[in-house]
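Subject: A structure for you to look at

Hi,

Here is the structure I promised to pass on. Please open it next to this email and follow along as you read.

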Amino acid sequence: MSDVGKDAIEQAWDAVVGTARRTAAEGLVVGTSGNVSARVGDIVLVTPSGVPYDRLAPGDAVGVDLAGRQVLGDMVPTSELPLHLAVYRHTDAAAVVHTHAVHATAVSALVTEVPLIHYAAALLGGPVRTAAYARYGTRELADHMLTALRDRTGCLLRNHGTVTYGNTLDQAYDRTAQLEWMCRLWLTASSVPGHSPTLLTPAQLRDVQDALEGYGQPG
């Protein structure tokens, strides 16, 4: 199956379940919507289809290889498996978070690109695009998503939700939270009668991206 150790699988699965529960607790999904995955070696651990996150136990790990063949667990993987695998095949992602966050989903029905209302867009690689609509679980949706993710670490799915990825589950989740906050901010500012929100220019965003290269603690 893989040369990945049992402990690494168990730790990664605990993190996947914890992140999935966090998306529910913080209102980014309802019921069993949305899904979370993490790559460990050549195994992708992914939440199962239609199972409430609070019912998932340490022994319920679901894993597939990069071709989508199930190599771990008895439960059926999420129906959005093609979406997750597409990210891992085309990026250096180690984790993917997909949600149905309310404000981001609302914005996905309004624009082809999230307006530059805040420099938080730089945290996702630039202006966040909206992938064209396709039914959930399809290769077509995964292809549209990849187009929207070009040079980005997150995108909207039209009339559907969000996808973000990162080097860790925490990073992927943080990008989801930033995207939802940014969409909520734009909806709030654009709803004031008689006013249009001021937007950043591409040059201003590039300036922020340059500044972010030195952000945070050394090392």
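This is a predicted model: local features need pLDDT of at least 70, side-chain atom pairs count only at pLDDT 80 or more; totals for chains, interfaces and linings use all residues.

Below is what I found in it, topic by topic.

Residues are numbered from 1 along each chain as its sequence is written, and side-chain values use heavy atoms, with hydrogens and water left out.

**The cores**

A nonpolar core here is a set of buried Ala, Val, Leu, Ile, Met, Phe, Trp, Tyr and Cys residues joined through side-chain atoms within 4.5 Å. Buried means under 20% relative accessible area, exposed means over 50%, and partly exposed is in between (1.4 Å probe, protein chains only). Helices (H or I, at least four residues) and strands (E, at least two) are DSSP runs, numbered from the N terminus.

Which members of the largest nonpolar core touch the most other members? They are Val87, Met145, Cys155, Leu157 and Val163, out of 23 residues in that core. At least two core residues come from each of strand 2 (43-46), helix 2 (81-90), helix 4 (139-148), strand 7 (154-157) and strand 8 (161-166). Helix 2 gives the largest share, 6 residues. Apart from this core lies another, with 21 residues, including Ala104, Val111, Leu124 and Leu205.

Contact means heavy atoms within 4.5 Å. Not counting residues up to four places away in sequence, leucine 157 touches Leu83, His98, Ser108, Thr130, Ala131, Leu141, Met145 and Val163.

**Helix 5**

Next, colour residues 169-190, which form helix 5. This helix has 22 residues and reaches 32 Å from its first C-alpha to its last, close to the 32 Å expected at 1.5 Å a residue. The expected span is 1.5 Å times one less than the number of residues. The buried residues of helix 5 are Leu169, Ala172, Tyr173, Arg175, Thr176, Leu179, Glu180, Met182, Cys183 and Trp186.

**The largest pocket**

A pocket is an open set of points on a 1 Å grid over the protein atoms alone, where a 1.4 Å probe fits, with protein on both sides within 12 Å along at least five of seven lines; lining residues have an atom within 4 Å of a point. The largest pocket has a volume of about 190 Å³, a volume being the space filled by probe spheres set on the points. Its lining consists of Leu123, Gln171, Asp174, Arg175 and Gln178. By class, that lining has 1 nonpolar, 2 polar and 2 charged residues. In this scheme Ala, Val, Leu, Ile, Met, Phe, Trp, Tyr, Cys and Pro count as nonpolar, Asp, Glu, Lys and Arg as charged, and the others, Gly among them, as polar.

Leucine 212, in helix 6 (residues 202-212), contacts Ala122 and Leu123, leaving aside its neighbours within four places in sequence. Leucine 212 and glutamine 171 are 41 residues apart in sequence and 15 Å apart in space, C-alpha to C-alpha.

**Two loop residues with positive phi**

Most residues other than glycine have a negative phi. Aspartate 151, in the loop between helix 4 and strand 7, has a phi near 60 degrees, a positive value. Is aspartate 151 buried or exposed? Aspartate 151 is exposed, at 62% relative accessible area. Asparagine 159 sits in the loop between strand 7 and strand 8, and its phi is near 55 degrees, again positive. Asparagine 159 is partly exposed, with a relative accessible area of 49%.

Histidine 144 is in helix 4 and counts as partly exposed, at 23% relative accessibility. Leaving aside neighbours within four places in sequence, histidine 144 is in contact with Ala131, Ala132, Tyr133 and Ala134.

Enjoy exploring!
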